[in-house]
Amino acid sequence: MTFRNDGRSASGQLEPLVFTDRYAGTPTVPGQQLPNDGKLELQTDSGWITKPMSPAGDTSYATARDSELFSLAPGQSRKLTYRLTMGPRSGPGDMPLRAQAVLPYHGGDLTVVARQDIAVRLVW
């Protein structure tokens, strides 16, 4: 994912938030909202760290480490590399992948600064 500041002023601190959203192949259990089955990882200088795959009834997926926060000057961009491995309980369909730049999240309301949605087609 590449985050870019196309504005005229510096962004201040931003948090990259990448996650999958519910789709026809999301595992289901009556009365529960399950996350998508799989693993989402972010590459860092020290290796891969596991990120929450998708919301599962709470906002814990939106919490990042301070080391993941970044600022962007006008015209500047930051490329982050993620890898996605789907689990065996995932079904076929078009799974939404959400990439957002948000203000650092510490609970309460989530402030989305920018958003890009990508459909990931899963076929079996």
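A pocket, on a 1 Å grid over the protein atoms alone, is an open set of points with protein on both sides within 12 Å along at least five of seven lines, while a cavity is a set of points where a 1.4 Å probe fits but cannot get out; lining residues have an atom within 4 Å of a point. For a volume, grid points are joined across faces, edges and corners, and I take the space filled by probe spheres set on the points.

**Ground rules.** I'm working on a predicted model, where local features need pLDDT of at least 70, side-chain atom pairs count only at pLDDT 80 or more, and totals for chains, interfaces and linings use all residues. Residues are numbered from 1 along each chain as its sequence is written, and side-chain values use heavy atoms, with hydrogens and water left out.

**Largest pocket.** I looked this one up and got a volume of about 300 Å³. It has 16 lining residues, with F3, R4, A101, A114 and R115 nearest the centre. Two or more lining residues come from each of β1 (2-4), β7 and β8; strands like these are DSSP runs (E, at least two residues), numbered from the N terminus. β8 gives the most, four residues. I sorted the lining into eight nonpolar, five polar and three charged residues. In this sorting Ala, Val, Leu, Ile, Met, Phe, Trp, Tyr, Cys and Pro are nonpolar, Asp, Glu, Lys and Arg are charged, and the others, Gly among them, are polar.

**Strand β7.** How is β7 placed in the structure? Eight of its ten residues (93-102) are buried, so the strand is largely enclosed by the rest of the structure. Buried means under 20% relative accessible area (exposed is over 50%, partly exposed in between; 1.4 Å probe, protein chains only). I then checked its partners, since strands pair if DSSP finds at least two bridges between them. β7 runs antiparallel to β8 (residues 112-122), with ten bridges, and Q100 has R115 of β8 as its bridge partner. β2 (residues 15-20) is also antiparallel to β7, joined by six bridges; E15 is partnered with V102 there.

**Largest cavity.** I found one cavity of 30 Å³ or more. The largest cavity has a volume of about 60 Å³. β2 turns up again, giving the most to this lining with five residues. Among the lining residues are E15, L17, F19, Y61 and Y82.

**Second largest pocket.** This one holds about 250 Å³. Q43, T44, D45, S67 and R78 lie nearest its centre, out of 14 lining residues. β3 gives the most, three residues.
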